[in-house]
Structures are given as structure tokens and as C-alpha cells.
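Please consult the sequence and the structure shown below.

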Amino acid sequence: MTEFKIIAKTFQGLEEVLAKELINLGANNVEIGRRMVSFTGDKEMLYKANFCTRTAVKILKPIKEFKAKDADEVYEVVKQMDWEQWMDVKSTFLIDSVIFSENFRHSKFVAYRVKDAIADYWREKTGGERPNVGISNPDIRINVHIAEDEVTISLDSSGESLHQRGYKTATVPAPLNEVLAAGLIMLTGWDGECDLIDPFCGSGTILIEAALIALNVYPGVFRKEYAFEKWKDFDADLFDRIYNDDSQEREFDHKIYGYDINRQAVQIATDNVLNAGVKDVVSVEQRDFYEFEQPVNKALMITNPPYGDRITTDDIFDLYDTIGKNLKRCFAGNDAWIISHHEELFDKIGFRASTRYALFNGSLECEFRKYQIFDGKLRDRREEGLDIKTDEERRHNLKFKPHKKNEDGEWGSERDTDDESHYFKSKPKKVERWKMFEAQDEEEAEIINRHLGKWGDRMVRPTKGNRNSERGERHEFSRERERSEGRRDRDGQRERFTDRESRQEARKAFFSDKGDFQNFREKKSFGEDRRNEREERRPRRDGERPARKFDGPKGGGRPFRGRKD
């Protein structure tokens, strides 16, 4: 097969882990960038990158690279592309744009102009007929990336973000992203050689990702659909072979333990573990960390305790002080890896970290630190000539770059995530340090209060969302659109509609290019619609897919890909 360029998106700090995954899968010309890894491969490699990688968020296939200074230049180039290669006039499509440029002030306007270019291409080709934009479950997803004047048009082969594995039945407040959880485990180097413990397991993300790594089961077995399955050149037989190949799977002779003080979180984690088919290797119990006991066998701890931002407790410092004391008292001879947000919290643990990684949990600047727990003092061990660091850890420590600190010498509480809009669908709400979690309304407050438990026993208050920034963004989009198309009249005023029916008709006409107006108007239901559509397994070809049923290490049962209907 012919090789072509492919881009794998990931989170900052996990680029090297993803590069190793891709090399092991057979990728060529692997190069590491910022939050991405580029490589070359054929169609089989594209399918494997989606199905097998644990730390990739998106897999993109670039189809056009050029330079442009404004949205109109982008329009002209896109309109000249041969879109018959990838879609037809009956296809639905969706544009996603990511902008890093002073010349392009609004990413949504760029997406709007690319949509116009594709529509006009087909109008000229067919004499008036054109494909529709599909807000939900489109046939083809197009990614537009602009860095200064460099424009890259890519096909999104993944569809929904790859962190959406498909095994979770429910979650808890401030859940850990599945891609980040897998990345944390892989950064430790753990590969199932001993027990693993997470004393703040929440919904069980670390536990399940660790079980999949230990069993060497690819995360794609839970996924019901990828965007490339709707491409014109989709090879169903090739993807069947990739999916049904279980030759890499193995046995796991140890155990993975998860604890949480919150009863409902334990129940959610138990349900997720059962749904993932790993209940025979994962144990979940309700237990207070103050009651932590020395494990019987050698174990590695990987955990994500509360930070005091989104979930907090009356004395978050006391919690981290207890973590340090219990590790010293009950975890000697083992290693503990902890991810957290504030430098002051790490200080309360009381140990010097042997290795550190700068990562982001959502928009929060975090560090992932390794603590080697042993009896006695570090000075005594060094005098005995015992080496506590590996050569790889020393090499990493030499090139480690911590997060930048503010004027007070502390990490920023949150980062502006405009440059990561391909990961985050909306700009995260600013949260002040040590403040309780805030909800948008009474219903959300009730849900959060029900799940917080002891570590978040302060009641959540509903707050009124500030829509000024969103309103300003819409106005900026309108101005850009009108400047380009000359839709303002002589006095610079837009036509206004006073009665309700006229306004609805005007909106319906404006959004006619976006498909079903009723669905667009009721956009709050899109998330639920997408989830429902993913549950429906559509036929991609005649007959049945010869599915491989994986029942877990001891017949625990797990969802598998079978018929698409």
C-alpha cells in the first residue's frame, strides 16, 4: 500500500509515550511535535493508530497544505480541491478549525468559509445541488489547522475523541481523562509485573486502563465506530483482521486494587469495571485513606487525589499530610506516583520526588511525581551505596522543564486553552484556588453534592453563568462574515425582525446550510443524540462482521464489535 503522512494528536507531556506506541505498531518517519506526533504509514497503519494507541486523542490525515493570509484565500484554495476523492454530493460533513495566527481572528469564521468553499465546489459541479453540514454524526469530518500563514486541511479519521473508549457507564465530578490515565501508567513503566493500587480511584479510570495494559488488550475493542469507516476507500476486510487479531493478548498474574471513601464513586467504578470485562483482575472497595494498610505483595501506587479546586475538603493540606505519613508508615519498599495541581500540596507529602513530569489535567497545570518509599533516611541509603534512580530517570530529570510560575512563585491555577480547542469544546470556567466547586443551576448542584462525599463535603452553590464572552464571540463572527460578504446596508445596520414568526423564519433561512433546523435550534440535546446514535450499530456492508468475542481473562465478559445493525 502507498504510504502517506499521518498526524496523531495527544496531550502535552505524552508526546514521547505516543511516539513509542506508534513505533511499536510499525509507523515510519516518526517525529515529535507539540501535543502531536507526525509519522508515515499506509491504510493499515491509519486503522491501527486509531484502534491500538492508548495515548492518542485524534488521528488526522492531511490532504492539502498551503499558505494563506486571510479566510478568502483559504476559500479559493479549498474550492479548487478535488472533493470527489473523499465525498459525494449526498455526504454530510463537519468542519473543525484550530487557529494560531494574528491574521485569522476567528476560528469559526474560517470554518464557515471552508464550508462555503466545499458547498460552492459541488454547486458548480452538479448545477446547484450541494452536500449538507451534519452537526451530529457526519459522513466526513474535516480539520483545518492554521499556524500563522501555514494552512493544513486534514481528514479526521477518528470521529469522536479517542479518549471516549466506550466502557464507562457513569462517571464522577472532575473525572480523569482515559488518555491521560493511560499516559500516567505508561510513564511509570508499569507493565503488569506487580500489583497496582489507586486509593482515590473515583470512577475507576486508572484501574481499567491499567488492566487493559496488563492484559495487553487494545482500547479499540470497546469502540463502536470510527470516522474512517464512512470514507469512500474504507477497507472493511482489513479492519476486520485488525480488530479480530488477539495474538498480542496475555495473562495477568497479579491484582489491581481501587479504593475510595465515596460509596457512590465505588459503585460507579464497580459498574465500569464490570462493563469493561476486567472484574477478575480489578477489585474495588470503599475505604478511607486514613485506614490505608501495608499491601501484602509488592505494589505500585498510581493515584489522582483531590486538588482542592474542582473537588475539595475542609482541610486539603491535612489530606496530603496524611498521604505522606501513610506512605511512610504503610508503603515501605514500594513506589508511589501522584499527580496533583499545587506545589504546596506536594510540599505537605514530605518526600523528595525522584522523577517529575509536567502535565495538564484538563486545563490545570499539574505535575506527576514519583516517590520511592523506604525505611530510614535517604542519606543513609546513599552512604550504603544504594542507587535509587535509574539511568532513564536521570536522563529525564536533566531535560525536565517544570511549569512556568507566576509572580508569587506558584503555578497558574488554570491555563487559557484557546490553543487546545481541538481537545476542549468550550473554554473552561476560571476557578479560584481553594474555592468550592460551582454549579450552573440547582440540578447540577444536586448532582455534584450527591457525588462529592467526604473529600468534597462543602455544599455546592449554583451560580449564574456569564454569557458576555459568548455573546461577544458571536458578534465578532457576525462582523467577520458581513465584512467578507458585504451584508451590511448603507447605514451599517442589519435588518431587524419584531415579530416572533419573522425571527424564526430568518434564523431558519440563515441556518439552512446546517441541516435540520429543528435539531440545530435544540442544540442542547446534541450530546444525548450523539450518545444514542453511537449505541445504534449501523450496517457498513452486507452480511455480518466476523467478530472476535473477548471474555476477559476468566470469562468476565466485555462488549465486542459484532454486527453493525
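R369 lies over the face of the F346 ring, at 4.0 Å from the ring centre; a charge sits over a ring if NZ of Lys or CZ of Arg is within 6 Å of the ring centre and within 35 degrees of the ring normal. The model is predicted: local features need pLDDT of at least 70, side-chain atom pairs count only at pLDDT 80 or more, and totals for chains, interfaces and linings use all residues. Residues are numbered from 1 along each chain as its sequence is written, and side-chain values use heavy atoms, with hydrogens and water left out.

**Charges over rings**
- The charged end of R113 sits over the ring of Y75, 4.4 Å from the ring centre.

**Strands around β13**
- R369 belongs to β15 and stands opposite I338.
- Strands β13 and β15 (residues 364-372) pair in the antiparallel sense over six bridges; pairing requires that DSSP finds at least two bridges between two strands.
- Strand β12 (residues 299-303) pairs with β13 in the parallel sense over four bridges, and T303 has I338 of β13 as its bridge partner.
- Because five of the six residues of β13 (residues 335-340) are buried, this strand is largely enclosed by the rest of the structure. Buried means under 20% relative accessible area, exposed over 50%, and partly exposed in between (1.4 Å probe, protein chains only).

**Aromatic pairs**
- The whole structure contains 22 aromatic pairs. Rings of Phe, Tyr and Trp (its six-membered ring) pair if their centres lie within 6.5 Å; planes under 30 degrees apart count as stacked, over 60 as edge-to-face and the rest as tilted.
- The ring centres of Y47 and F234 are 5.9 Å apart and the planes meet at 55°, so this pair is tilted.
- This pair links distant parts of the chain, 187 residues apart: Y47 is in helix α2 (residues 43-52), and F234 is in the loop between α6 (205-215) and α7 (236-244).
- Both Y47 and F234 are buried.
- Y226 and F228 form a stacked pair, with 5.2 Å centre to centre and 10° between the planes.
- Y226 is buried at 2% relative accessibility, and F228 is buried at 0%.
- One aromatic cluster is formed by Y47, F51, Y218, Y226, F228, F234, F239 and Y243.

**Whole chain**
- The chain has 17 helices and 15 strands; helices (H or I, at least four residues) and strands (E, at least two) are DSSP runs, numbered from the N terminus.
- Of its 565 residues, 50% count as buried.
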